[in-house]
Amino acid sequence: ILKEKGDLKRSSFYAQKAERYRKFLNTKWWNPKTKKFYSFYTDEGDFKYGKGEGTLLLWFDIINSHAKRFAVIRNVTTSYQNVETTSYLPYLLCLNGYGTLARKYILYLSNPTTPRRSYPEVSYGVIEGIVQGLMGIEPHGASRTICTLYRGNNKTTMEIDNLPILNSIIKIEHFDHLKTIFQNYGPNILYWEAEFYGKHTSILVNGKNIKAKINKDINGNIYSYVKVTVRPGQKGEASVILSKSKN
(Lines give C-alpha, C1' and ligand atoms only; values in the text may rest on other atoms or scores of the structure.)
Protein backbone atom coordinates (compact mmCIF):
# COMPACT_ATOMS: atom_id res chain seq x y z
CA ILE A 1 0.00 0.00 0.00
CA LEU A 2 2.80 2.41 0.90
CA LYS A 3 4.58 1.65 -2.38
CA GLU A 4 1.43 2.38 -4.37
CA LYS A 5 1.12 5.71 -2.53
CA GLY A 6 4.73 6.60 -3.40
CA ASP A 7 6.11 6.28 0.15
CA LEU A 8 9.10 4.17 -0.91
CA LYS A 9 11.11 4.70 2.28
CA ARG A 10 8.50 3.27 4.64
CA SER A 11 7.51 0.69 2.03
CA SER A 12 11.08 -0.61 1.99
CA PHE A 13 11.19 -0.71 5.80
CA TYR A 14 8.07 -2.89 6.06
CA ALA A 15 9.11 -5.07 3.11
CA GLN A 16 12.38 -5.89 4.90
CA LYS A 17 10.49 -6.53 8.13
CA ALA A 18 8.10 -8.89 6.33
CA GLU A 19 11.04 -10.75 4.80
CA ARG A 20 12.52 -11.28 8.28
CA TYR A 21 9.18 -12.77 9.37
CA ARG A 22 9.20 -15.02 6.30
CA LYS A 23 12.68 -16.33 7.10
CA PHE A 24 11.73 -16.87 10.75
CA LEU A 25 8.62 -18.87 9.81
CA ASN A 26 10.57 -20.99 7.32
CA THR A 27 13.25 -21.87 9.86
CA LYS A 28 11.99 -21.82 13.46
CA TRP A 29 8.48 -23.00 12.62
CA TRP A 30 9.62 -25.74 10.21
CA ASN A 31 10.59 -29.20 11.48
CA PRO A 32 12.97 -30.79 8.92
CA LYS A 33 12.63 -34.22 10.54
CA THR A 34 8.85 -34.48 10.31
CA LYS A 35 8.71 -32.21 7.24
CA LYS A 36 5.90 -30.20 8.79
CA PHE A 37 5.25 -26.66 9.97
CA TYR A 38 4.22 -26.27 13.58
CA SER A 39 0.79 -24.80 14.25
CA PHE A 40 1.25 -22.95 17.52
CA TYR A 41 3.69 -22.01 20.28
CA THR A 42 2.78 -22.68 23.91
CA ASP A 43 3.26 -20.55 27.03
CA GLU A 44 5.78 -23.18 28.11
CA GLY A 45 7.97 -22.43 25.10
CA ASP A 46 7.12 -25.50 23.02
CA PHE A 47 6.12 -25.78 19.38
CA LYS A 48 3.05 -27.93 18.76
CA TYR A 49 1.14 -29.36 15.81
CA GLY A 50 -2.54 -28.81 15.09
CA LYS A 51 -4.83 -29.33 12.12
CA GLY A 52 -3.98 -28.09 8.63
CA GLU A 53 -0.32 -27.33 9.35
CA GLY A 54 0.94 -24.73 6.92
CA THR A 55 -2.29 -24.18 4.97
CA LEU A 56 -2.40 -20.46 5.69
CA LEU A 57 1.30 -20.21 4.86
CA LEU A 58 0.40 -21.57 1.42
CA TRP A 59 -2.45 -19.10 1.18
CA PHE A 60 -0.24 -16.09 1.82
CA ASP A 61 2.65 -17.46 -0.28
CA ILE A 62 5.12 -17.45 2.63
CA ILE A 63 6.74 -20.85 2.07
CA ASN A 64 10.17 -20.37 0.49
CA SER A 65 10.78 -23.71 -1.26
CA HIS A 66 8.95 -26.11 -3.55
CA ALA A 67 9.89 -29.06 -1.31
CA LYS A 68 8.25 -27.50 1.76
CA ARG A 69 5.20 -26.44 -0.24
CA PHE A 70 4.66 -29.95 -1.59
CA ALA A 71 5.24 -31.44 1.87
CA VAL A 72 2.47 -29.23 3.28
CA ILE A 73 0.12 -30.23 0.47
CA ARG A 74 0.87 -33.92 1.05
CA ASN A 75 0.31 -33.61 4.81
CA VAL A 76 -2.94 -31.70 4.46
CA THR A 77 -4.44 -33.93 1.75
CA THR A 78 -3.55 -37.22 3.46
CA SER A 79 -4.99 -36.41 6.88
CA TYR A 80 -8.39 -35.37 8.20
CA GLN A 81 -9.16 -31.65 7.99
CA ASN A 82 -12.22 -29.80 9.17
CA VAL A 83 -14.47 -28.23 6.57
CA GLU A 84 -13.02 -24.74 7.14
CA THR A 85 -9.49 -25.86 6.27
CA THR A 86 -10.76 -28.02 3.40
CA SER A 87 -12.48 -25.00 1.85
CA TYR A 88 -9.05 -23.47 1.19
CA LEU A 89 -7.80 -26.48 -0.75
CA PRO A 90 -9.46 -26.27 -4.20
CA TYR A 91 -7.81 -22.95 -5.10
CA LEU A 92 -4.50 -23.75 -3.40
CA LEU A 93 -4.25 -27.14 -5.10
CA CYS A 94 -4.91 -25.60 -8.53
CA LEU A 95 -2.32 -22.92 -7.88
CA ASN A 96 0.26 -25.58 -7.05
CA GLY A 97 -0.43 -27.86 -10.01
CA TYR A 98 -2.92 -30.35 -8.53
CA GLY A 99 -5.97 -29.61 -10.70
CA THR A 100 -7.29 -33.19 -10.65
CA LEU A 101 -7.15 -33.38 -6.84
CA ALA A 102 -8.72 -29.92 -6.59
CA ARG A 103 -11.69 -31.15 -8.62
CA LYS A 104 -12.22 -34.00 -6.15
CA TYR A 105 -12.33 -31.53 -3.25
CA ILE A 106 -14.76 -29.30 -5.16
CA LEU A 107 -17.09 -32.28 -5.62
CA TYR A 108 -16.70 -33.24 -1.95
CA LEU A 109 -17.43 -29.73 -0.66
CA SER A 110 -20.44 -29.31 -2.94
CA ASN A 111 -21.91 -32.72 -2.02
CA PRO A 112 -25.14 -32.28 0.02
CA THR A 113 -24.09 -35.14 2.32
CA THR A 114 -20.81 -33.47 3.37
CA PRO A 115 -20.95 -32.65 7.13
CA ARG A 116 -21.10 -28.94 8.02
CA ARG A 117 -21.40 -28.06 4.35
CA SER A 118 -23.60 -25.05 5.25
CA TYR A 119 -20.62 -23.13 6.64
CA PRO A 120 -20.02 -19.98 4.53
CA GLU A 121 -16.39 -20.90 3.81
CA VAL A 122 -17.59 -23.86 1.77
CA SER A 123 -19.61 -22.05 -0.90
CA TYR A 124 -16.92 -19.39 -1.32
CA GLY A 125 -14.22 -22.07 -1.50
CA VAL A 126 -16.07 -24.00 -4.21
CA ILE A 127 -16.68 -20.90 -6.35
CA GLU A 128 -13.09 -19.75 -5.90
CA GLY A 129 -11.77 -23.21 -6.75
CA ILE A 130 -13.68 -23.19 -10.03
CA VAL A 131 -13.27 -19.56 -11.14
CA GLN A 132 -9.79 -18.65 -9.95
CA GLY A 133 -8.51 -22.20 -9.52
CA LEU A 134 -9.43 -24.46 -12.44
CA MET A 135 -10.32 -21.66 -14.87
CA GLY A 136 -7.42 -19.48 -13.74
CA ILE A 137 -9.32 -16.18 -13.94
CA GLU A 138 -7.39 -13.44 -12.12
CA PRO A 139 -8.49 -9.78 -12.21
CA HIS A 140 -6.12 -6.83 -11.73
CA GLY A 141 -8.17 -3.75 -10.96
CA ALA A 142 -5.51 -1.06 -11.37
CA SER A 143 -4.83 -2.00 -15.01
CA ARG A 144 -8.33 -3.35 -15.79
CA THR A 145 -6.64 -6.59 -16.86
CA ILE A 146 -8.09 -10.09 -16.56
CA CYS A 147 -5.66 -13.02 -16.83
CA THR A 148 -6.76 -16.51 -17.81
CA LEU A 149 -4.69 -19.69 -17.41
CA TYR A 150 -6.53 -23.00 -17.68
CA ARG A 151 -5.59 -25.48 -14.94
CA GLY A 152 -8.15 -28.19 -15.63
CA ASN A 153 -7.56 -31.68 -16.96
CA ASN A 154 -6.30 -32.39 -20.45
CA LYS A 155 -8.90 -33.06 -23.15
CA THR A 156 -11.64 -31.26 -21.23
CA THR A 157 -13.52 -28.01 -21.69
CA MET A 158 -14.83 -25.54 -19.12
CA GLU A 159 -17.13 -22.55 -19.45
CA ILE A 160 -18.34 -19.79 -17.16
CA ASP A 161 -20.93 -17.23 -18.21
CA ASN A 162 -22.34 -14.00 -16.72
CA LEU A 163 -19.32 -13.51 -14.47
CA PRO A 164 -19.39 -10.02 -12.87
CA ILE A 165 -15.85 -8.65 -12.78
CA LEU A 166 -14.22 -5.17 -12.88
CA ASN A 167 -17.62 -3.48 -13.37
CA SER A 168 -18.29 -5.64 -16.37
CA ILE A 169 -19.76 -9.04 -17.31
CA ILE A 170 -17.69 -11.67 -19.08
CA LYS A 171 -17.84 -15.20 -20.44
CA ILE A 172 -14.80 -17.49 -20.56
CA GLU A 173 -14.52 -20.75 -22.47
CA HIS A 174 -11.48 -23.02 -22.22
CA PHE A 175 -10.99 -25.77 -24.79
CA ASP A 176 -8.41 -28.16 -23.36
CA HIS A 177 -5.17 -26.20 -22.84
CA LEU A 178 -5.13 -25.09 -26.46
CA LYS A 179 -7.79 -22.42 -26.92
CA THR A 180 -9.62 -19.81 -24.84
CA ILE A 181 -12.51 -17.53 -25.83
CA PHE A 182 -13.14 -14.30 -23.91
CA GLN A 183 -16.39 -12.35 -24.31
CA ASN A 184 -17.00 -8.90 -22.84
CA TYR A 185 -20.72 -8.24 -22.31
CA GLY A 186 -20.19 -5.14 -20.18
CA PRO A 187 -19.97 -1.40 -20.91
CA ASN A 188 -16.23 -1.01 -20.33
CA ILE A 189 -13.03 -1.87 -22.20
CA LEU A 190 -11.17 -4.80 -20.65
CA TYR A 191 -7.62 -5.98 -21.22
CA TRP A 192 -7.25 -9.74 -21.45
CA GLU A 193 -3.97 -11.49 -20.75
CA ALA A 194 -4.39 -14.86 -22.45
CA GLU A 195 -1.97 -17.35 -20.88
CA PHE A 196 -1.05 -20.89 -21.93
CA TYR A 197 1.35 -23.35 -20.31
CA GLY A 198 4.47 -24.06 -22.35
CA LYS A 199 6.99 -21.96 -24.23
CA HIS A 200 5.36 -20.67 -27.41
CA THR A 201 6.93 -18.21 -29.82
CA SER A 202 3.51 -16.86 -30.80
CA ILE A 203 -0.17 -17.12 -29.92
CA LEU A 204 -2.95 -16.99 -32.49
CA VAL A 205 -5.28 -14.13 -31.54
CA ASN A 206 -8.44 -13.60 -33.61
CA GLY A 207 -6.74 -15.27 -36.57
CA LYS A 208 -3.44 -13.36 -36.32
CA ASN A 209 -0.14 -14.62 -34.92
CA ILE A 210 1.03 -12.38 -32.07
CA LYS A 211 4.49 -12.68 -30.56
CA ALA A 212 4.19 -14.20 -27.08
CA LYS A 213 5.92 -13.17 -23.87
CA ILE A 214 7.22 -15.74 -21.37
CA ASN A 215 6.78 -15.99 -17.60
CA LYS A 216 6.80 -18.62 -14.83
CA ASP A 217 4.21 -19.59 -12.21
CA ILE A 218 5.01 -20.07 -8.50
CA ASN A 219 6.28 -23.60 -9.19
CA GLY A 220 8.64 -22.49 -11.94
CA ASN A 221 6.45 -23.81 -14.78
CA ILE A 222 6.77 -21.77 -17.96
CA TYR A 223 3.73 -20.17 -19.55
CA SER A 224 3.34 -17.91 -22.59
CA TYR A 225 0.98 -14.97 -22.86
CA VAL A 226 -0.27 -12.07 -24.95
CA LYS A 227 -2.36 -9.06 -23.98
CA VAL A 228 -5.56 -8.39 -25.93
CA THR A 229 -7.95 -5.41 -25.85
CA VAL A 230 -11.57 -6.56 -25.68
CA ARG A 231 -14.07 -3.76 -26.18
CA PRO A 232 -17.70 -3.80 -24.98
CA GLY A 233 -19.67 -6.42 -26.90
CA GLN A 234 -16.55 -7.93 -28.44
CA LYS A 235 -15.19 -11.48 -28.34
CA GLY A 236 -11.55 -12.49 -28.35
CA GLU A 237 -10.13 -15.90 -29.25
CA ALA A 238 -6.61 -17.07 -28.45
CA SER A 239 -5.04 -20.44 -29.22
CA VAL A 240 -1.74 -22.26 -29.42
CA ILE A 241 -0.45 -25.15 -31.53
CA LEU A 242 1.38 -27.83 -29.56
CA SER A 243 3.76 -28.68 -32.38
CA LYS A 244 5.18 -25.16 -32.19
CA SER A 245 5.74 -25.17 -28.46
CA LYS A 246 8.88 -25.92 -26.47
CA ASN A 247 8.38 -27.41 -23.01
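These legends walk you through several close-up views of a predicted model.

In this predicted model, local features need pLDDT of at least 70 and side-chain atom pairs count only at pLDDT 80 or more, while totals for chains, interfaces and linings use all residues. Residues are numbered from 1 along each chain as its sequence is written, and side-chain values use heavy atoms, with hydrogens and water left out.

**View 1. An open sheet of six strands, with antiparallel pairing.**
Follow the strands in the order β7-β8-β9-β16-β12-β13. At the edges sit β7 (157–165) and β13 (208–211), each of which pairs on one side only. From one strand to the next, the twist averages 20°. Strands here are DSSP runs (E, at least two residues), and helices are DSSP runs too (H or I, at least four residues), all numbered from the N terminus. Two strands pair if DSSP finds at least two bridges between them. As background, strands of a sheet pair through backbone hydrogen bonds, either parallel or antiparallel.

**View 2. Strand β12 beside strand β16.**
Here β12 (residues 202–205) and β16 (residues 235–239) run antiparallel and are joined by two bridges. To find your way, look for V205, whose bridge partner in β16 is A238.

**View 3. An open sheet of five strands, with mixed pairing.**
The order of the strands is β5-β6-β10-β15-β14. Its edge strands are β5 (137–140) and β14 (213–216), and each pairs on one side only. Neighbouring strands are turned by 30° against each other on average, direction ignored.

**View 4. The hairpin of β5 and β6.**
Strand β5 and strand β6 (residues 145–149) pair in the antiparallel sense over four bridges. I137 has T148 as its bridge partner in β6. Four residues lie between the two strands, and R144 in the turn has a positive phi of about 55°.

**View 5. The second largest cavity.**
The structure holds three cavities of 30 Å³ or more, and the one shown has a volume of about 60 Å³. A cavity is a set of points on a 1 Å grid over the protein atoms alone where a 1.4 Å probe fits but cannot get out, and lining residues have an atom within 4 Å of a point. Grid points are joined across faces, edges and corners, and the volume is the space filled by probe spheres set on the points. Among the lining residues are Y150, H174, D176 and H177. Both β9 (179–184) and β10 (190–197) supply at least two residues of the lining, and β10 gives the most, with three. By class, five lining residues are nonpolar, three polar and three charged. Ala, Val, Leu, Ile, Met, Phe, Trp, Tyr, Cys and Pro count as nonpolar, Asp, Glu, Lys and Arg as charged, and the others, Gly among them, as polar.

**View 6. Helix α4 packed with helix α5.**
Helices α4 (residues 83–95) and α5 (residues 99–109) pack at an angle of about 145°, with their axes 8 Å apart. Axes are lines fitted to C-alpha atoms, for helices over the stretch in contact, and angles run from 0 to 180 degrees between N-to-C directions. In α4, residues including L89, P90 and L93 meet α5 residues including L101, Y105 and I106; contact means heavy atoms within 4.5 Å. The residues of this contact divide into eleven nonpolar, three polar and no charged.

**View 7. E128 in helix α6.**
E128 belongs to α6 (residues 120–134). Not counting residues up to four places away in sequence, E128 touches W59, Y91 and G133. The C-alpha atoms of E128 and S87 are separated by 9.4 Å, although these residues are 41 apart along the chain.

How values were computed
On a 1 Å grid over the protein atoms alone, a cavity is a set of points where a 1.4 Å probe fits but cannot get out, and a pocket is an open set with protein on both sides within 12 Å along at least five of seven lines; lining residues have an atom within 4 Å of a point.
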